[in-house]
Amino acid sequence: MKSKARLMQGNEACVEGAIAAGMKFFAGYPITPSTEVAEIAAEKLPLVGGKFIQMEDEIASMAAIIGASLAGSKSMTATSGPGFSLKQENLGYASLAEVPCVIVNVQRSGPSTGLPTSPAQGDIMQARWGSHGDHPVIALTPSSVRETFDLTIKAFNLSEKYRVPVILLMDEIIGHMRERVELPEISEIEIIDRKKPTVSREKYLPYKADDDLIPPMAYYGDGYRFHVTGLAHDETGFPTNNPAIADKLYRRLLDKIELHKNEIIEWEEQCTDDADIVIISIGGVSRAADTAMKQLRQKGVKVGTYRPITVWPFPEKRLIELADKVNTFVVAEMNLGQMALEVERIIKDKAELIKVNKVNGEAIYPEEIIEKIEEVL
Amino acid sequence: MPSAIVSEYFRTNKLPQIWCPGCGHGIITRAITVAIDKLGLDRDKICIVSGIGCSSRAPGYMDFDTLHTTHGRALAFATGIKMANPDLKVIVITGDGDATAIGGNHLIHACRRNIDITAIIYNNNIYGMTGGQYSPTTPKFDKGTTAPYGNVDKAFDIPALAAAAGATYVGRSTAYHTQLLISLIENGIKNEGFSLIEAISVCPTYYGRKNKKGSAVEMLEWQKNHAVNIAAASKMAPESLDGKFLIGEFKNSPEPEYTKEYQKIIDMFKKE
Amino acid sequence: MNNNETVTEKLAVNENWCKGCGICVKFCPKNVLIVENEKVKIVDIEKCIQCGLCELRCPDYAIYVRGK
């Protein structure tokens with residue numbers, strides 16, 4: 001049974017998804033175009049016994065959600081552009097200390113203050129490499145309001161399961177777009193909680209991973225009296241300068257995502273069976289890509305679409321397969337070629353690569369994609 | 001075998017600490033455990049949070065739930081912990097640079113909210129971990145590696161800053177005045193709200209050497225000879241306070257606590 | 001007790017942890033202690049009144065009063 005259909009904004013669907021996933025704490029700071037996420041969280045969290053706090057800045061918001069997560073609450077923050085830059089410090093902390101949390105970034109045009117209410121997708125590479133040092137990253141990119149709901153839940157689940165911060169990489173188009181959606185019943189939703197230690201305090205090694213490369217996680221206040229640090233640490237959680245132990249830790253952090261990538265990676269493709277040309281896009285641009293494909297198909301051009309849902313880790317394997325049979329990939333994105341870099345790396349010179357880029361604060365229109373494709377026909 | 005207090009509250013397998021000979025930080029850290037012991041708190045419900053710097057290494061030696069965070073951010077992490085689980089007694093250990101420079105914004109806002117956290121600022125007047133740069137509490141004209149000709153910045157008065165920002169319990173003591181320090185920390189933890197205790201430490205290695213303050217012993221003697229308790233100061237002639245600094249309880253005025261106030265909002269929606 | 005600990009009825013010293021700063025020596029009201037070879041040493045335990053000031057101000061937890 002589904003709930004009654006509602007007209008809902010992407011940012012609102014994000015909060016609905018977070019609450020469905022079990023979010024009990026949100027810390028944020030006002031920034032357009034993500035502010036509705038904070039506003040709606042402030043309104044809805046107390047109704048489910050959860051808590052909202054508006055912190056003094058973006059850095060503090062990121063810190064607070066890590067603290068709350070360590071004390072046992074599923075936690076989230078939301079931001080845009082400049083705020084996402086400020087999150088990077090503690091995002092790296094959450095990666096190293098393996099603290100589950102969700103960071104929503106409703107992308108806007110940049111660099112710097114840029115075009116504050118206009119959409120962009122310029123943070124794709126920052127989502128991957130924004131914090132210093134090699135660190136694990138999962139980033140999900142919804143392209144509809146309903147998918148924002150679903151992927152927010154997925155973000156919490158992945159975060160809890162793999163003890164990694166998960167980025168919900170939205171864009172202003174999806175954040176502010178209103179669509180008619182039907183949300184599923186809570187009972188139909190799969191919720192994953194972090195695994196907790198089963199051993200006594202004396203035997204608990206907070207950073208000793210199981211075979212799945214993920215260590216069980218106690219909560220502060222449970223009586224385990226454990227230590228968490230942003231320094232490189234051994235299995236006990238205490239700092240070490242031992243090169244072999246540091247090396248093992250850093251590699252495990254990346255390996256735990258690599259090991260489970262088949263469970264993490266998600267993408268959507270349409271009409272790729274016979275396609276000569278495949279449009280690759282994410283988020284708001286995918287809606288223009290769909291329209292472009294349909295219009296070109298009507299003209300007899302064999303076009304398909306490929307939409308990474310996990311932009312990180314990038315759905316690479318399937319793209320390699322497609323590169324063997326597709327003549328041309330068209331990467332359409334609201335930046336100057338960030339995802340194209342990744343596609344180029346993956347397809348090598350097996351197919352032609354065409355870029356459709358736009359950074360003027362306007363959305364990419366279907367005609368712009370069609371025009372570019374017609375140029376090469 | 002170490003003393004009873006150290007055996008009970010320290011991770012003795014991590015000792016001795018990394019601090020330099022004569023560093024006051026060890027004195028302050030022990031004082032915190034004595035205050036906890038006197039209060040008879042459930043040690044599994046205490047969380048100690050720190051930032052980055054010499055002082056922030058303290059929680060690693062203390063046998064509680066402990067969190068060593070990023071530079072300046074300890075109070076923001078601690079705020080999340082306290083919000084998620086108000087049953088925890090949250091104690092923040094931070095330094096002068098950590099708390100009042102890079103973490104200055106978090107400090108004033110934690111004070112303003114009156115969230116039930118006790119912050120103990122180990123003030124050694126210098127950035128020690130990075131080798132002796134001047135901090136927001138380096139006295140004017142004193143030297144640091146980044147103030148080779150003397151510091152022209154005016155120093156923060158940390159208790160005055162905290163009191164003005166809204167902390168409801170504020171005190172200051174020194175590594176020398178350890179008994180007073182213990183009682184201020186005890187009262188700070190008891191205060192249901194934001195408490196700040198400035199614990200003036202000694203850094204013989206960097207601040208002391210750079211400014212010809214002598215050994216750790218001499219620096220502690222200086223504290224002994226120049227600190228005046230605020231209770232006594234009110235009865236003293238103003239000129240006799242020249243060159244002195246105040247210690248003691250500066251503010252104790254309880255107000256409604258943040259997480260309790262938020263809980264009232266949640267309770268509005270509780271279904272009977 | 002290993003060789004690096006000195007235990008008397010009144011005081012105990014852990015030389016492994018002592019960094020020889022001399023704080024306990026200076027603030028001992030009865031001159032019970034000295035620093036020798038960068039370690040604290042008990043020289044006149046008879047005078048010790050177990051006031052605990054050494055323990056209170058030892059930054060390294062290397063000296064403490066026994067039986068308290």
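**Ground rules.** Residues are numbered from 1 along each chain as its sequence is written, and chains are lettered from A and ligands numbered from 1 in the order in which they are written. Because the model is predicted, local features need pLDDT of at least 70 and side-chain atom pairs count only at pLDDT 80 or more, while totals for chains, interfaces and linings use all residues; side-chain values use heavy atoms, with hydrogens and water left out.

**Exercise 1. Find which chains touch, and which pair shares the most contacts.**

Solution. 
- Start with the rule: contact means heavy atoms within 4.5 Å.
- Two pairs of chains are in contact.
- Chains A and B share the most contacts.

**Exercise 2. Describe the contact between chain B and chain A.**

Solution. 
- Take the residues. Chain B gives 39 and chain A gives 40.
- Take the area. Buried area is the accessible area (1.4 Å probe) that two parts lose on being put together, summed over both. Here it is about 3200 Å². Carbon and sulfur atoms hold 58% of it.
- Pick out residues on the side of chain B. D65(B), H68(B) and F77(B) lose the most area to chain A, together 16% of what that side buries.
- Look for charge pairs. Side chains of opposite charge can pair when their charged atoms come close. A salt bridge is a side-chain nitrogen of Lys or Arg within 4 Å of a carboxyl oxygen of Asp or Glu. Chains B and A have four salt bridges between them. One of them joins E56(A) to R113(B), with the closest N and O atoms 2.6 Å apart.
- Count polar contacts. Such a contact is a pair of N or O atoms within 3.5 Å; within protein, one must be able to donate a hydrogen and the other to accept it, and residues adjacent in sequence count only if both atoms are side-chain atoms. Between chain B and chain A there are 22 residue pairs in polar contact (both at pLDDT 80 or more).

**Exercise 3. Say which elements of chain B supply the side that touches chain A.**

Solution. 
- Name the elements. Helices (H or I, at least four residues) and strands (E, at least two) are DSSP runs, numbered from the N terminus.
- Strand 2 (65–68), helix 3 (74–84), helix 5 (104–113) and helix 11 (258–268) each supply at least two residues.
- Helix 3 of chain B gives the most, with seven residues.
- Sort by class. Ala, Val, Leu, Ile, Met, Phe, Trp, Tyr, Cys and Pro count as nonpolar, Asp, Glu, Lys and Arg as charged, and the others, Gly among them, as polar. This side of chain B has 16 nonpolar, 13 polar and 10 charged residues.
- Follow strand 2 across. Two strands pair if DSSP finds at least two bridges between them. Strand 10 (residues 227–229) of chain A and strand 2 of chain B pair in the parallel sense over three bridges. In strand 2 of chain B, T66(B) is the bridge partner of H227(A).

**Exercise 4. Describe the contact between chain C and chain B.**

Solution. 
- Chain C gives 18 residues and chain B gives 29.
- The two chains bury about 2100 Å² between them, 64% of it on carbon and sulfur atoms.
- In chain C, W17(C), L56(C) and Y61(C) lose the most area to chain B, together 35% of what that side buries.
- Two salt bridges cross between these chains. E221(B) pairs with K26(C), the closest N and O atoms being 3.4 Å apart. E55(C) meets R30(B) at 3.1 Å, N to O. E55(C) lies in helix 2 of chain C and R30(B) in helix 2 (residues 25–39) of chain B, so the pair joins two chains.
- Nine residue pairs are in polar contact across the interface (both at pLDDT 80 or more).
- Helix 1 (23–27) and helix 2 (53–57) of chain C each supply at least two residues to this side.
- By class, this side of chain C divides into 10 nonpolar, two polar and six charged residues.
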